[in-house]
Amino acid sequence: TTQPTTQPTTQPFAAPSSIPTSVPTLDCIAGVYQLTSPDGTLQKPQPCPLGTASSLPCAPDIVYCEPCAPGLFSGAQLGATNCTLCPAGTFSSRMGAILPSSCNLCPPGSYSLAGSTVCIPCDEGTYTDENGSSVCKRCAFGHFSVKGSSSCYPCPPGTFSSGTQGMCEPCAPGSYAPDEAMSRCLPCDDGQVTPIFGATNCSA
């Protein structure tokens with residue numbers, strides 16, 4: 001008698017409970033964003049545009065690529081992870097700057113620290129006569145300057161400047177300053193007096 005043949009039973013394929021929609025991308029790092037398609041698949045990572053930066057690894061949206069604030073720039077490379085400060089002696093008021101050339105030199109009479117958006121005028125008694133200064137210089141004894149000066153001027157006769165305040169002060173009674181650019185007042189000789197402030201000479 002012929003034995004009935006037994007057909008092997010095939011089991012339906014059991015799919016894993018969770019299938020990843022994509023394999024992690026190795027180049028999805030800081031400075032890069034990766035959008036998600038409507039079907040849930042991850043798109044190709046894209047670098048942050050010029051003038052922006054992101055320190056978040058594999059940012060989920062381009063909005064995480066934030067424009068460089070005034071006083072900073074991104075550099076000419078796509079995918080910046082941070083913005084760079086404009087160097088001391090320069091300033092930039094531009095949002096989203098790309099190149100270092102966007103950092104402008106401070107004019108004479110002013111200075112700036114790194115990352116500045118404006119230049120700071122030199123204080124009274126100080127000056128700078130150069131473009132791109134990061135610090136102002138103190139006036140020499142016997143000289144003065146006003147705020148934002150690019151040079152110092154000699155104190156007129158009857159006044160002096162010791163360099164501590166940067167301004168000219170009148171000589172007190174009993175002393176005088178016969179010349180300009182005096183760093184101190186001279187006392188009157190014996191037998192001579194001057195009862196006024198700011199004297200240029202003494203009298204008997």
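**Close-up views of a predicted chain**

The model is a predicted one, in which local features need pLDDT of at least 70 and side-chain atom pairs count only at pLDDT 80 or more, while totals for chains, interfaces and linings use all residues. Residues are numbered from 1 along each chain as its sequence is written, and side-chain values use heavy atoms, with hydrogens and water left out. Gly198 sits in the segment that follows strand S18 (186-187), where strands are DSSP runs of E with at least two residues, helices are runs of H or I with at least four, and the numbering starts from the N terminus. When residues up to four places away in sequence are not counted, Gly198 touches Gly158, Pro170 and Cys171, a contact being heavy atoms within 4.5 Å. Phe160 is 38 residues away from Gly198 in sequence, yet the two C-alpha atoms are 9.2 Å apart in space.

**The whole chain, shown for orientation.** The protein chain has 18 strands and 0 helices, and 31% of its 204 residues count as buried. Among the contacts with a separation of 6 or more, 39% are between residues 24 or more positions apart. The chain exposes about 12600 Å², of which carbon and sulfur atoms supply 59%; accessible areas come from the Shrake-Rupley method with a 1.4 Å probe, and for residues only the protein chains shown count as cover.

**A nonpolar surface patch that includes Leu56 and Val63.** Leu56, Ile62, Val63 and Tyr64 make a nonpolar surface patch of about 360 Å². Patches are made of residues with over 30% relative accessible area and no salt bridge, and they join like charges within 9 Å or nonpolar side chains (Val, Leu, Ile, Met, Phe, Trp, Tyr) within 5 Å. Leu56 belongs to the loop between strand S3 (52-53) and strand S4 (66-67), and Val63 lies in the loop between S3 and S4 as well. Leu56 is partly exposed at a relative accessible area of 38%, whereas Val63, at 60%, is exposed. The C-alpha atom of Val63 is separated by 9.4 Å from that of Cys48, which is 15 residues away along the chain.

**The salt bridges of the structure.** A search of the whole structure finds 2 salt bridges, a salt bridge being a side-chain nitrogen of Lys or Arg within 4 Å of a carboxyl oxygen of Asp or Glu. In one of them, Asp123 pairs with Lys147, and the closest N and O atoms are 3.5 Å apart. This pair links distant parts of the chain, 24 residues apart, with Asp123 in the loop between strand S10 (120-121) and strand S11 (126-127) and Lys147 in the loop between strand S13 (143-144) and strand S14 (153-154). Asp123 is partly exposed at 45% relative accessibility, while Lys147 is exposed at 53%. Asp129 and Lys137 also meet through their side chains in a salt bridge (3.3 Å, N to O); Asp129 is partly exposed at 43%, and Lys137 is partly exposed at 34%.

**The aromatic pair of Phe144 and Tyr153.** The search of the whole structure finds 1 aromatic pair. The ring centres of Phe144 and Tyr153 are 5.9 Å apart and the ring planes stand at 50 degrees, so the pair is tilted. Rings of Phe, Tyr and Trp (its six-membered ring) pair if their centres lie within 6.5 Å, and planes under 30 degrees apart count as stacked, over 60 as edge-to-face and the rest as tilted. Tyr153 is partly exposed, with a relative accessible area of 41%.

Key:
Buried means under 20% relative accessible area, exposed over 50%, partly exposed in between (1.4 Å probe, protein chains only).
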